[in-house]
Amino acid sequence: MVIGEIVFKKFNIIENATGNLISLEKGNLPFPIKRVYYIYNVKENESRGFHAHRQLEQVLICVKGSCDVLVNNGHAKKVIKLDDPSTGLYLKGLVWREMHNFSSDAVLLVLASDFYSESDYIRDYSDFLDLVTNS
Ligand code: T46
C-alpha cells in the first residue's frame, strides 16, 4: 500500500505573443503516463470521486473552468480549488478524493500512472480509514 501523498506541481508556461502552451513530458512529471482521461459536462451540484487508490499516481489539472478537490490522507482534510491550467495536483496512493463545485465549463484532465483497474479503487470510506491506520 502506498502512503498518501498530495503535492502541487507548477508547470512551465511557454508564452508568446499569440498565447500560452504547456508541454508535459517525461522528466517533468513524477511518473510515466499510461492513461489520460478527462471529466467534463458535470451537472450543477453534482460531485464525483469518493474513493482512494491503493497504488495509482495521478496528476489532476483543471484545463478549463474550475472545481474543488477535497483531499484526505486519513489524518487531515483540505479543499483545493483547481482553476489554473498551469497547476497540477499530484495524488499518490492512499488519498481519499472528492470533486465538488464544478463550473459548467470545467474540464478536469487527469494523467495516470497506470491503466484503469477497479481493483486499485477503495470506494468504501471505512475501508480507507482501516488501510490508513494499518499502513
Ligand atoms: C480519480 C478521479 C479524479 C473507466 O472505464 N476507465 C477509466 O479510465 C476511468 C477513470 C473510469 N472508468 C469507468 C469506471 C466507472 O464506471 O468510468 C466510470 C466513472 O468512473 P468513476 O466513477 O470512478 O469517476 P470519478 O470521476 O468519480 O473518478 C475519476 C477516476 O475514476 C479516479 O481514479 O481519481 O476521477
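Modeller: Start with D68. It counts as buried, with a relative accessibility of 11%. (Buried means under 20% relative accessible area, exposed over 50% and partly exposed in between, with a 1.4 Å probe and protein chains only.) This is a predicted model, in which local features need pLDDT of at least 70, side-chain atom pairs count only at pLDDT 80 or more, and totals for chains, interfaces and linings use all residues. Residues are numbered from 1 along each chain as its sequence is written, and side-chain values use heavy atoms, without hydrogens or water.

Now find the partner of D68. K81 forms a salt bridge with D68, that is, a side-chain nitrogen of Lys or Arg within 4 Å of a carboxyl oxygen of Asp or Glu. Their closest N and O atoms are 3.1 Å apart. D68 sits in strand β7 (residues 67-72) and K81 in strand β8, so the bridge ties together parts 13 residues apart in sequence. Side chains of opposite charge can pair when their charged atoms come close.

The whole structure holds 4 salt bridges. One of them joins K10 to D84, at 2.9 Å from N to O. K10 belongs to strand β1 (residues 5-10), and D84 to the loop between β8 (77-82) and β9 (87-92), so this pair ties together parts that are 74 residues apart in sequence. K10 is exposed, with 61% relative accessibility. D84 is partly exposed, at 26%.

Another salt bridge pairs K34 with D114, at 3.6 Å from N to O. This pair also links distant parts of the chain, 80 residues apart. K34 lies in the loop between β3 (19-21) and β4. D114 lies in the loop between β11 and β12 (121-122). K34 is partly exposed at 46%. D114 is partly exposed too, at 34%.

Next, turn to the ligand. There are 14 residues around the ligand, each with a heavy atom within 4 Å of it. R35, R48, H53, Q58 and Y121 come nearest. Follow the oxygen atoms of the ligand. One lies 2.5 Å from a polar side-chain atom of R35. For Y121, the distance from a side-chain N or O atom to a ligand oxygen is 2.5 Å.

Finish with the backbone. Most residues other than glycine have a negative phi. Now look at the loop between β4 and β5, where N41 is found. N41 is not a glycine, yet its phi is positive, about 60°. Its relative accessibility is 56%, which counts as exposed. N45 is found in the loop between β4 and β5 as well. Its phi is also positive, about 65°, although N45 is not a glycine. N45 is exposed, at 75%.

Now return to the starting spot.

Definitions and conventions: Helices (H or I, at least four residues) and strands (E, at least two) are DSSP runs, numbered from the N terminus. A polar contact is a pair of N or O atoms within 3.5 Å; within protein, one must be able to donate a hydrogen and the other to accept it, and residues adjacent in sequence count only if both atoms are side-chain atoms.
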